[in-house]
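Please keep the structure open beside the text while reading.

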Amino acid sequence: MSKYRIAWLPGDGIGLEVMAATRIVLDALELDAEYLDGDIGWDFWCGEGDSFPLRTIDLLRNVDAAMFGAITSKPVKAAEAELVPDLRGKGLVYRSPIVRMRQLFDLYVCLRPCKAYPGNPLNYREGIDLVVYRENTEDLYSGVEFHPVPQELADTLGKLARPFAPFAKLAADEYAVSCKINTHKGSERIVRAAFEFAKIHQRRKVTVVHKANVVRASDGLFLETAREVAAGYPDIQTDEANIDALCMWLLKNPKNYDVLVAPNLYGDIISDLCAQMVGGLGFGCSGNIGSKLAVFEPSHGSAPKYAGQYKVNPIATILSARMMLDWLGEAKKSAALENAVAAVIKEGKVRTYDMGGSNSTLEMGEAIARRL
Ligand code: IPM
Ligand code: MG
């Protein structure tokens, strides 16, 4: 029996390619693991009307961790049009499997470290070392959405909220409502996770990202909760920033920031911004972490236009595997892997197209494996 059971979910598009490169690296590390293939992604939506079938959910209930590649997501109508004919018109609604997975398994932390490795020609500035803690289960991702808007909801909003008046006259399909739901518990645990990380890793500052000046109820709750949590960490500097201003300041002075914590949607946005500062999505690694299960994936999508070419950079996925090693408690292997990635970047001989080179996805995996 292997020490670890790891669900292996390549998904589709370039997901298959970056995962293949990552497997070369994990095999070279001789991680004592059994990798269990799971079905997920666009093909399963088209063929069976479910991109995240029950058998894959069951698999995830019985593993120590999972590695996930990427999957294609399309808006509701475009998704319906691609179903096999038998399944069309049956009211099936496409929802992103990764969003469902985060909610189903309560993977409430989305951890996204963004580090500028020396020698990476894509670094926006040298020395950037940011860590994003993104709330991962609620906020505008709660999935409570209406289009058309039921009359019952419109009547209630008309009674309860004066600012609803201009919308009350609209026909049900002339507007849409997406609920941004933030809870005290959800806000508390993500902010606490960020501060605990800062404490353990001796990081100097945690910046709480919000838009509480306008989105007063839900972001107000997030911000107030963050203040409560921060009071318990007097040795760590706490900073608060509106999401819009933060984007500007982050670009101007990235080194003024350290750990950032945000509700789901703002966290989604700043994680791409931060990833771009350290080389783009080819370097954006991520972990979806709950108390029982953690799923590691690159922050990028399935990039259909590059699929099948084996040209995209697998480093984001390889660094995500490194985060998985940390989560499993394999600190030595994790450090070895990070050193190998850093060495290949610094040497600059093997580079994928995004870095100005012509090496393939798998050649990058092999180069990192050789450094181990
Ligand atoms: C991410 C992605 C996902 C998200 C998409 C693919 C649903 O952008 O992981 O950041 O919005 O969370
Ligand atoms: Mg994103």
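## Strand 10 and its partners

In this predicted model, strand 5 and strand 10 are paired in the parallel sense, and 4 bridges link them. Within that pairing, Val-131 has Val-259 of strand 10 as its bridge partner.

Strands of a sheet pair through backbone hydrogen bonds, and they may do so in a parallel or an antiparallel manner. In this model 10 strands form an open sheet with mixed pairing, and their order is 2-1-3-12-11-4-5-10-8-9. Strand 2 (33–37) and strand 9 (237–242) are the edge strands, each of which pairs on one side only. From one strand to the next, the twist averages 20°.

An antiparallel pairing is found between strand 11 (residues 285–289) and strand 12, which are joined by 5 bridges. Here Asn-288 stands opposite Val-295 of strand 12.

## Helices on the sheet and beside one another

Helix 8 (residues 184–200) lies across several strands, namely strand 4 (109–115), strand 5 (129–135), strand 8 (205–210), strand 9 and strand 10 (259–262), and it runs at about 160° to strand 5.

The crossing of helix 12 past helix 13 is left-handed, and the residues that make the contact include Ile-318, Leu-319 and Leu-325 of helix 12 and Leu-337, Val-341 and Ile-345 of helix 13.

For helix 1 (residues 15–29) and helix 14 (residues 361–370), the axes come within 8 Å and cross at roughly 15°, so these two helices are roughly parallel to each other. Helix 1 passes helix 14 in a right-handed crossing, with a contact that includes Ala-20, Ala-21 and Ile-24 of helix 1 and Leu-362, Gly-365 and Ile-368 of helix 14. Helix 10 (residues 243–252) and helix 11 (residues 264–277) have axes that come within 11 Å and cross at roughly 10°, and they are therefore roughly parallel to each other. Among the residues in contact are Leu-246, Cys-247 and Leu-250 of helix 10 and Ile-270, Leu-273 and Cys-274 of helix 11.

## A closer look at Glu-297

Glu-297 belongs to strand 12 (residues 294–298). Is Glu-297 buried or exposed? Its relative accessible area is 5%, and because the cut-off for a buried residue is under 20%, Glu-297 counts as buried.

The side chain of Glu-297 makes a polar contact of 3.1 Å with the side chain of Asn-288, the residue that stands opposite Val-295. When neighbours within four places in sequence are left aside, Glu-297 is in contact with Phe-68, Gly-69, Ile-98, Arg-102, Arg-112, Cys-285, Ser-286, Asn-288 and Ser-320.

Technical notes: Residues numbered from 1 in each chain as written. Chains lettered and ligands numbered in written order. Predicted model: local features only at pLDDT ≥ 70, side-chain atom pairs only at ≥ 80, totals over all residues. Heavy atoms only, no water. Buried < 20%, exposed > 50% of the residue type's maximum accessible area, 1.4 Å probe, protein only. Polar contact = N/O pair within 3.5 Å; in protein donor to acceptor, adjacent residues only side chain to side chain. Contact = heavy atoms within 4.5 Å. Pairing = 2+ DSSP bridges. Axes fitted to C-alpha atoms, helices over the stretch in contact; angles between N-to-C directions. Left-handed = near helix turned anticlockwise from the far one by under 90°. Parallel < 35°, antiparallel > 145°, perpendicular 65-115°, else oblique.
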